[in-house]
Amino acid sequence: MATTAETEHDDPKQKRQAPQRGGRRWWPWLVACMLIVCAAPTLICLPALRDRALSAGVTAASVKGQAQVGSLSVGWLSPLAVTDFKLSDLKGRPLATLPEIANDRSLLDLLLDRSDVGHLRLVHPVISLELRDDGSNLEDVFADVLARAHRPPTFACNVEIVDGTVLLTDVAANRTWKLEQVNLRLIRPRQGDGEISCTAAMSDTGADSHFKLQGRLPAAASAAKAGEGAQPASVALDATGFPLEALRAVLARVAPRAAIAGRFDGQLEYTGSAPGEGSLSGNAAISDLRLAGPALGEDVVRLSRIELPCQLAISGSEVTIQKLALRSDVGQMSAAGSAKLSTEPATPLLQSAQGDISGQIDLVRVARLLPHRIRMRPGADLSAPVQFHIAPHLRRENGLILELEAGRVLDHVQASPELCDAWLKFALPVLAEVTQVAGEFSVDVQGLRMPLANLATSQTAGTILIHELELGPGPLVQQFLPAIEAMRGLSGTNESPSIERLSLARDSKVEFRLVDGRVYHEGLRLQFPRFAIETHGSVGFDESLAMMAEITFNGNTFTGPLARAIQSRPIQLPIGGTLRKPKVDLAQI
């Protein structure tokens, strides 16, 4: 006989109803999930969740900074809007402030198609760039992002910046420049070429200063396939009156502790067939240039204008100089060669360079630009430009080092009093302060090593070939007058050799070398009818003398024991003092 419990347990009607009650349990969860999804945009706009999501997004993007927003508006079917967005570094110093950010795409559009960012509009943004000699706050915040930026973006977008401001602060110089009215439009469509245009002005430079940038970019869809029928990218820059002082910190990466001032004008165009591959051509000019730094010592280079037409090829970190000309107050030149740049942050930009340079330069004007490095007598007239040809090589070894290959750098140069007083006097000290000089000379170098940060440690050696050189009396020759008179007496003749027009030995060679700020020479020979005076020793960059003069006689000047005695041991005269006030010790006569 069945019990009541067994009857209830075996009731088939109850078995059919049990699953129905269990099947209704998922409906509340489904409804709750739908409500959460629908409310997600509203929830994410709540301050607590918004700040957490923003912090997580900054971390996920590997940005080393802090972000804040005043308000956020986002919906599944409504466009994105942000107000008072601020990005600062980890110490809280501002990098970017964007009062208004708007996007015409909804959250649903972005999720369904992440390859199209849509129209992003930034109104009155302010970017605060702090430039240091070893980097910038922008590089600090986006260091990890820049390290991964090997490929161009592949998404389509339309970015518009309206009346932006960029503050450029040179931390070391404690000065800020304001780039105003920055208006930018960047369009990268799905198909076809993209466009970029940007204009800006600087109103606090004391002169009309503005620039315009315009270019064509490869389409987003084909950016990764550059070189397969895609049109090359091109960007043209037209700049007027840009202050070079604003780039002092950038220059310091190449030349530490250097200072630069002046105004830049240029029309340059870059064309690139692939990422990191392209060419740069155009014309640039610098007005009112002022340049100073450790390599110049106490001197400051001042030039009224420099013109630089150029054509460069760029391949990664390698730059090939196909054509580079320079025209300035002191001469002109043309160059070809190559340079290697650094792609690593916090390292000097220029790593090495080599090339071939030829042109003409007014060495006297150069001497006037560098009065502390090159001393000239007051009132010297300008001379004709000097032709030159060199093959320099720059490399980095505890700073930049300039090296020259062996070869002829000056060929049959016409001598002048100014040229002698500016340069030749260190290797040919009898030419210092001369009032008259005529003839030609050439210069061969065996090599040169010049640390640009410390010119006093430069080293070089070479030969000055004197083809023909006549000169009037300078201070050193005038000090030889008693010795010349004594030689006249020893020779037993009343003929007094003229010193109004002296000659250096024709087709002679004077060997020179530069070591520790002193120029050593030997083989400098003054020729007289019956005897010659030959000098050897050194002249310092401070014009101090440490030399020896040797007087030798022609073979037929004396006869008998006197001839043998004099010819076996030339008369030696020590020379001290300075180039302007030499002192010849005549005790040996």
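**Exercise 1. Is Cys 420 buried or exposed?**

Solution. Start with the kind of model: this one is predicted. Next, take the relative accessible area of Cys 420, which is 0%. Buried means under 20%, so Cys 420 is buried. Now try Cys 310: at 14% relative accessibility, this residue counts as buried too. Finally, look for disulfides; the structure holds 0 of them.

**Exercise 2. Find which residues touch the most other members of the largest nonpolar core.**

Solution. First, note that this core has 54 residues. Phe 441, Ile 464, Leu 471, Leu 526 and Ile 533 are the ones that touch the most other members. Then ask which element gives the largest share: strand β29, residues 545-553, contributes 5 residues. Now zoom in on Ile 533. Leaving out residues up to four places away in sequence, Ile 533 touches Phe 480, Ile 484, Leu 524, Arg 525, Leu 526, Phe 528, Ala 549, Glu 550 and Ile 551. Apart from this core lies another, of 42 residues, and its members include Phe 85, Leu 122, Val 166 and Leu 369.

**Exercise 3. Locate the aromatic pair and work out what it ties together.**

Solution. A search of the whole structure finds 1 aromatic pair. Its partners are Phe 426 and Phe 541, with ring centres 5.8 Å apart and 90° between the planes. Planes over 60 degrees apart count as edge-to-face, so that is the label for this pair. Phe 426 lies in the loop between α10 and β23, and Phe 541 in the loop between β28 and β29, so the pair ties together parts that are 115 residues apart in sequence. As for accessibility, Phe 426 is buried at 8%, whereas Phe 541 is partly exposed at 32%.

**Exercise 4. Describe the surroundings of Ser 328.**

Solution. Begin with its place: Ser 328 is in strand β16, residues 318-328. With 18% relative accessibility, Ser 328 counts as buried. Not counting residues up to four places away in sequence, Ser 328 touches Leu 303, Arg 305 and Ile 306.

Terms used:
Residues are numbered from 1 along each chain as its sequence is written. This is a predicted model: local features need pLDDT of at least 70, side-chain atom pairs count only at pLDDT 80 or more; totals for chains, interfaces and linings use all residues. Side-chain values use heavy atoms; hydrogens and water are left out. A nonpolar core is a set of buried Ala, Val, Leu, Ile, Met, Phe, Trp, Tyr and Cys residues joined through side-chain atoms within 4.5 Å. Buried means under 20% relative accessible area, exposed over 50%, partly exposed in between (1.4 Å probe, protein chains only). Helices (H or I, at least four residues) and strands (E, at least two) are DSSP runs, numbered from the N terminus. Contact means heavy atoms within 4.5 Å. Rings of Phe, Tyr and Trp (its six-membered ring) pair if their centres lie within 6.5 Å; planes under 30 degrees apart count as stacked, over 60 as edge-to-face and the rest as tilted. A disulfide is a pair of cysteine sulfur atoms within 2.5 Å.
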